[in-house]
Amino acid sequence: MKADAVIIGAGIAGSALAYHLSDEGLKVALVDKDYPGLGTSGRSAGFLTVQHWNRLDLLLSRLSQEFCSDILQEKGGLQRVGFLRVTARGEDIPLMKERTRMYRQEGVEAELLEGKELEFRFPAIDFSGLAAGIHTPGDGFVDAYDVTTTLASLARANGTVMKMATTAQRIEIRSSKVSGVETAQGKLSADIVAVAAGAWSGSLLRKAEISLPLKPYRTQALVTAPVEGLPLLPMFHELPDGYYFRPDQDGILLGDGTEYREAEPTRYNTHADFGLYSEIAGWISKRMPTMKEVVLARGWAGLCVATPDRYPLVGPLDAVDGLYLMAGFNGLGVMRSPPLARALADKILGRRPSVNLAPLRPGRFSGNVDFPIMEGFTLQDTLGLSKSEPSMERDLE
Ligand SMILES: Cc1cc2nc3c(=O)[nH]c(=O)nc-3n(C[C@H](O)[C@H](O)[C@H](O)COP(=O)(O)OP(=O)(O)OC[C@H]3O[C@@H](n4cnc5c(N)ncnc54)[C@H](O)[C@@H]3O)c2cc1C
């Protein structure tokens, strides 16, 4: 089969790219070894918050909120319950003040709450041991599986050929130019190939002798059985431990259990660790004493992908004409990938990207860099990048 573009991976990133390219009239083939949303995207907690350590992510989250609200109109849209990020460390308060100021400068409704103010505003939560929190009432969550499958359906309605249950085995390159993808079901020819294969992107590229700093790591979530008389709750994230929750239909979704070591994507444990159930049960019964009797019904694990500077790798691969990459979302792929897919589609079509992709170019690291896997969802600028922060301005390329 001959297509204009082959996209490998029908997660949120690849499905969004397939939607945008097919909407512009390109003949797209979307390939997945499984089915849309069954990789990491369907395992996500779906937080869409503007509370980041940098302005680029703030912009991406806002765009993702707008976009997801739009496409999910028939499925309830964005659940705008607000986001409360709290800290147990008094020394975080100056940073929280600084971030609150930054969010407001960008036109986001945000306030810093301390001590009794927290209890007054959120009476269902026990704030013992916590110093302060930033509340952003405009934030919400989505079901990322719904977003992904909706995007895949829209792409299909635009004429995208869905090659599901089809593993991409090799990217075909001739004279430094991409010519297609070899799959278990035969060859797909195209002058444009985009790799959006999540945690599997690095190994697929290595087969084409392209080595990039992408490290998969495992992270986990649990859900409760329905809870009777569930109070109105915001999305909630506690620092420094990293535990979080949000409402989930009649119950609650909770995380974290992130492992800061490289995982092997071909054989990782997709179930939540047994120990995480008791760890999270202990935490939630402290934060919400009315939840003591709550049953944690099931859990799972998924793979996120780390990069050295916690920004994703998005754009053309310099060494090979026609080959593009969109991966390394550092646990923020629902917030980051819908607008970045739009921008990458612009780039592929030879237009000015709607978001400046230059700072995210995949070739920005030289040589074989080793790096520690770090939490992506923080207030701290752990690498001190804010001074050289990728610009959030649009149309800069
Ligand atoms: C527990 C958990 C909570 C999270 N919470 C949030 C959150 O609140 N907010 C947020 O923004 N992000 C969150 N994330 C991160 C987010 O889910 C990911 O960043 C995002 O889903 C990555 O999307 P993707 O399309 O790059 O990858 P994936 O969804 O993994 O898609 C990649 C696809 O490629 C396919 N594939 C791989 N190799 C091949 C091959 N050789 N041939 C064909 N197909 C192939 C896979 O089958 C898969 O479908 C969370 C993740 C987890 C695990």
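Here is a short chat about the predicted model, its ligand shell and one of its sheets.

Trainee: What is the mean pLDDT of the protein?
Mentor: This is a predicted model, and its mean pLDDT is 94. 97% of the residues reach 70 or more.

Trainee: Where does pLDDT stay under 50?
Mentor: Over residues 392-397. The model has 16 contacts beyond four places in sequence for that stretch.

Trainee: On to the ligand. How many residues surround it?
Mentor: 43. Gly 11, Gly 39, Gly 198, Gly 302 and Gly 333 are the closest.

Trainee: How do the shell residues divide into nonpolar, polar and charged?
Mentor: 22 are nonpolar, 17 polar and 4 charged.

Trainee: Which helices and strands each supply at least two residues of the shell?
Mentor: Helices H1 (12-23) and H8 (333-348), plus strands E13 (215-224) and E17 (296-306). H8 gives the largest share, 4 residues.

Trainee: And which domains does the shell draw on, with at least three residues from each?
Mentor: Domain 1 (5-42 + 145-214 + 308-393) and domain 2 (82-139 + 216-306).

Trainee: Switching to the open sheet. What's the strand order?
Mentor: E8-E2-E1-E12-E19-E18, 6 strands with mixed pairing. Strands E8 (161-163) and E18 (313-316) are the edges, each pairing on one side only. From one strand to the next, the twist averages 15°.

Trainee: In what sense do E2 and E8 pair?
Mentor: Parallel, over 3 bridges, with E2 spanning residues 28-31. Ala 29 has Val 161 in E8 as its bridge partner.

Trainee: Which strands does H8 touch?
Mentor: H8 packs on this sheet, touching E12 (192-195), E18 and E19 (323-327). The directions of H8 and E19 make about 170°.

Terms used: Residues numbered from 1 in each chain as written. Predicted model: local features only at pLDDT ≥ 70, side-chain atom pairs only at ≥ 80, totals over all residues. Near = placed C-beta within 6 Å. Nonpolar A, V, L, I, M, F, W, Y, C, P; charged D, E, K, R; others polar. Domains from an automatic or database assignment. pLDDT = per-residue confidence, 0-100. Contact = placed C-beta atoms within 7 Å. Pairing = 2+ DSSP bridges. Axes fitted to C-alpha atoms, helices over the stretch in contact; angles between N-to-C directions.
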